[in-house]
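Subject: Structure handover

Hello,

I am passing on the structure below, followed by notes on what was found in it. Please look it over before reading on.

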Amino acid sequence: MPHLKSFSLKPEARKIAAFPFNLPLWRNVKTLEFSTTVTFLVGENGTGKSTLLEGLAAAVGSITIGADDIQRDKTLEHARKLGKMLKLVWHKRTYRGLFLRAEDFFNFSRRVNQLNSDLEEIKKGYEQNLSGYGLQLAQGSVEGQRRALLAKYGEDADAGSHGENFLRLFQARFVPGGLYLLDEPEAPLSPIRQLAFMAMLKDMVAQNAQFIIATHSPILMAFPEAIILSFDHSPVRSVKYDELEHVTLTRDFMNNPEAFLRRL
């Protein structure tokens, strides 16, 4: 059962003419339900998928990965305004989970590496200013934090490919019972790593996690029993996998790429 059951836009929001309330999305959507534990938001760029996901993250108070705190990030000011105008309905409120935009991962890697470096500098400072049992306690605390970081992210969070690090982040941060709001997580992932990501989704869903994912990936959209909400329709509605333009276009291209390339 999904944690977040539905959301609706508060009536007073319809009187606001500025972005993001002027998106066509809000003309016909009063309430949007999440009837299953995995929901995909699909549609062309500019239809409001990412904006809605950001607004939900602000309304939920999600932990952000890589970016500043959601209440301070300057790029999410519009999301905070939207979040205040969303009324959430829960089956059972959860405070676990996270919000992730694919572009935030670069900032996250830098922050992890900087924290490792800062902890090492703190340790050196203790050696200069403390001694005896006090030094042992202080160093033990720092080493404990550093070991925890190394166990989750390795010595260098930028080591390995972008896709490998992305999957490693999910492995480290996915916990049972969480609500995960993910914006285009397929961006750094090869097709085979998208399948590995889907295996993680299956494992976490079995542990009472919920996922709401904005995506363009026909691979991810094929996740069993997921609901696909198309933002290319007005109002937004659930569509079948084989009805999606993403799917039919990709399938047609793979079956006969020459027919498409001749038109370039």
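The protein has 10 helices and nine strands; helices (H or I, at least four residues) and strands (E, at least two) are DSSP runs numbered from the N terminus. This is a predicted model, in which local features need pLDDT of at least 70 and side-chain atom pairs count only at pLDDT 80 or more, while totals for chains, interfaces and linings use all residues. Residues are numbered from 1 along each chain as its sequence is written, and side-chain values use heavy atoms, with hydrogens and water left out.

Overall figures: of the 264 residues, 47% count as buried (under 20% relative accessible area, 1.4 Å probe, protein chains only). Taking contacts (heavy atoms within 4.5 Å) between residues at least 6 apart in sequence, 73% join residues at least 24 apart.

Strand 8 (residues 227-230) pairs with strand 3 (residues 38-42) in parallel, through four bridges; pairing requires at least two DSSP bridges between two strands. Val42 is opposite Ser230 of strand 8. Strand 8 is also joined to strand 9 (residues 237-239), antiparallel, by three bridges, and Leu229 has Ser238 in strand 9 as its bridge partner. Six residues lie between strand 8 and strand 9, which form a hairpin.

In helix 3 (residues 77-84), the buried residues are His78, Ala79, Arg80, Leu82 and Gly83. These pack against strand 1 (4-9), helix 1 (25-28), helix 2 (49-60) and strand 4 (86-90).

Regards

Note on methods. Buried < 20%, exposed > 50% of the residue type's maximum accessible area, 1.4 Å probe, protein only.
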